[in-house]
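Look at the structure first, then go through the points by topic.

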Amino acid sequence: MRTIISDELKLRLRFPARAVGIVGAALMIASIFLSWSYGHDALDDVGYNGAPSPLQLFFAILPLFTLLLLAIPLVGKGRLGRWAKVLAWNTSAKTAAISSLLVVVVMIIAIAIDLGGLVNVDPGGWLALVGGILAVAATLFLPDSPEPTLYRIKTPRWLQILGIVVLMALILFGAAYILGFDDADDFLTFGAFVVGVVMVLRQFGVFGWLGIAAANNNRVLVLSAFVVAFAFPFTQNGSDANMSIASQVLIFAATALGLNIVVGLVGLLDLGYIAFLGAGAFTAAVLSDSAFATVHWSPPFPVTVLIAGTVASLLGLLIGAPTLRVSGDYLAIVTLAFGEIFRITMNNLDGNDGPNITNGSNGIPGIPDLNFFGFDFGQPHVILGIDIGRFANYYWLMLVVIALIIVVFMNLNYSRIGRGWVAIREDELAAEAMGVNTFGLKLLAFSGGAFLAGVAGSVKAHYDVSVTPDQYVFLESAFLLAAVVLGGMGTVMGVLIGATILKLLPEKLRFFSDYRLLLFGLLMIVMMRFRPEGIVADERRQLEFHAEDEELADEVEEELTSHHAHLNREREEFAL
């Protein structure tokens, strides 16, 4: 719209546009007190006058943001002071208006699908749609705001810690609330609302400030994140369905973090990574107390984890040593072939075409639940008066595993080895010319990532109760790679978010299961077009994809300088 609406026209119409936008936002807020649907079976029952449903109340937050962002600047720059330039008022108002309209559209489509046509949409829904169109049209005529600089304002440490705690509390509430939806329409509506709020806060500069707060209080962030993750099962009232999804997400995320070393840090395209997860799972299954296990030896589980990781790592060395001298498409083809060879080999180890190790296509069923010092992971427990089921037990175990994986990943990333990996990713020939052992470091990344996948696989075997070769097909490798690319290559938080999205959406949108690949493909196309660096961008990759943006380069340089200064302070404190 910048080329269609000139800056002069925006300046001339900014006050009328602001007034129209306020009217549109007010109409959307007023609409929640009217009925949106003719029947009561749509969404969470939006068919009452004067009694807004929870989803309608959540929706009202976005137009309220729009109204405040449009109205507050009317007091004038003199009264706003530095806040007039620090915050992106107009751009944030535009984002809030667009987000409000998108949520309205999602809700109207849901009502039409649930009740059988648009004729079942009541005046409240149409009033919200008109208000959303007015607000969006009006905000397009507002002058563009400069980039927010809220992160540059020095704030006291207690306020930064409070911001982190509030963020973690909101994440816990949002996760518990969104997993409580059994209906896909409710899930999509609340998901659209959450995305809208995140986009508004990001545009407003809140996430930039939170990034600085997190860098300055890294230990508080990590501690609060794991407290929230540990407390999550207590919000589910013993629900095995939601805890099963959460456990699968953690297993998937732990595996994706291992792949992130290979793809995100070193830049090697591995299309057969699921084989390492399978190697760890089959090793744990063979060494279990299952009646179908072919090796009649069952060591303690910690020993099994180490053996499973070692077996997967040796497979990584076996495939990596002869193939890592090639790169690009050729490496991708070789790793793809390796993944298929692994699956076929597991099928053939049935006693007919080879030694009987995996029982062939039947796999190894009946794998017993873990038992640590008398704590049976398969039995429900009552903690603080709340029923904690089998899946919650494995969820907590995977929290410990993923914490260890994150520690390994972060220490490698900021070590000499990590810098060598990044140098190989940027320019392998230049790195080799500077004395970097490129082959050795690539082999280390391949075997190290395989070890982490093997550890995750050892837990997955007991979680799934059964291990079969058909669980480890190429499609699973593609989803792992998609999680890394979607979330942000080279980052921890990005991969966790990407893994959550790719595991949660199929579970909650089962009506879309036949079109899952189409959905993922469209999502990847949108990401590559508008945010190729991923949802959570690594600073270096931001510069790669936005090399012409000098302002971004200065901003990233400032953030990196601040981050390294913070790390140096922590090292000095540790040394003392």
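In H14, the buried residues are Phe301, Thr304, Val305, Ala308, Gly309, Ala312, Ser313, Leu315, Gly316, Ile319, Gly320 and Thr323; buried means under 20% relative accessible area, exposed over 50% and partly exposed in between, with a 1.4 Å probe and protein chains only. This is a predicted model, in which local features need pLDDT of at least 70, side-chain atom pairs count only at pLDDT 80 or more, and totals for chains, interfaces and linings use all residues. Residues are numbered from 1 along each chain as its sequence is written, and side-chain values use heavy atoms, with hydrogens and water left out.

**Helix H14**

- Helix H14 covers residues 301–323; helices (H or I, at least four residues) and strands (E, at least two) are DSSP runs, numbered from the N terminus.
- H14 has 23 residues and reaches 33 Å from its first C-alpha to its last, close to the 33 Å expected at 1.5 Å a residue. The expected span is 1.5 Å times one less than the number of residues.
- An α-helix has 3.6 residues a turn, so residues three or four places apart point the same way.
- The buried residues of H14 pack against helix H13 (274–286), helix H15 (329–348), strand E1 (371–372), H16 and H19. Contact means heavy atoms within 4.5 Å.

**Helix H19**

- The 27 residues of H19 should span 39 Å at 1.5 Å a residue, and the end C-alpha atoms of H19 are 38 Å apart, which agrees.
- H19 is mostly covered, with 21 of its 27 residues buried.
- Val465 follows H19 and has a positive phi, near 75 degrees.

**Aromatic pairs**

- The whole structure holds 21 aromatic pairs. Rings of Phe, Tyr and Trp (its six-membered ring) pair if their centres lie within 6.5 Å; planes under 30 degrees apart count as stacked, over 60 as edge-to-face and the rest as tilted.
- One of these pairs is Phe58 with Phe173, which is tilted, at 6.3 Å centre to centre and 40 degrees between the planes.
- That pair links distant parts of the chain, since Phe58 is in helix H3 (residues 54–71) and Phe173 in helix H8 (residues 157–179), 115 residues apart.
- Phe58 counts as buried at 17% relative accessibility, whereas Phe173 is partly exposed at 43%.
- Tyr394 and Tyr463 form an edge-to-face pair, because their ring centres are 6.0 Å apart and their planes are at 80 degrees.
- Tyr394 lies in helix H16 (residues 390–413) and Tyr463 in helix H19 (residues 438–464), so this pair ties together parts that are 69 residues apart in sequence.
- Tyr394 is buried, with a relative accessible area of 1%, and Tyr463 is buried at 7%.
- Arg390 lies over the face of Tyr463, 5.9 Å from the ring centre. A charge sits over a ring if NZ of Lys or CZ of Arg is within 6 Å of the ring centre and within 35 degrees of the ring normal.
- Ring pairs also link Phe58, Phe173, Tyr177, Phe190 and Phe193 into a cluster.

**Single residues and their contacts**

The contacts below leave out residues up to four places away in sequence.

- Thr66 is in helix H3 and is buried at 0% relative accessibility. Thr66 touches Ala25, Ala93, Ala96, Ala97 and Ser100.
- Thr91 is in helix H6 (residues 89–115) and counts as buried at 18%. Thr91 is in contact with Asp144, Ser145 and Gln203.
- Phe187 is in helix H9 (residues 184–204) and is buried, with a relative accessible area of 5%. Phe187 touches Ile178, Phe181, Leu504, Leu505, Lys508 and Leu509.
- Phe187 and Leu486 are 299 residues apart along the chain, and their C-alpha atoms are separated by 21 Å.

**Whole protein**

- The protein has 24 helices and four strands.
- Its radius of gyration is 26 Å, close to the 25 Å that the globule rule gives for 576 residues, so the protein is as compact as a globular protein of that length. The radius is taken over C-alpha atoms, and the rule is 2.2 Å times the number of residues to the power 0.38.
- The C-alpha atoms fill a box of roughly 80 × 60 × 50 Å along the principal axes.
- Of the 576 residues, 48% count as buried.
- Among contacts with a separation of 6 or more, 76% are between residues 24 or more positions apart.
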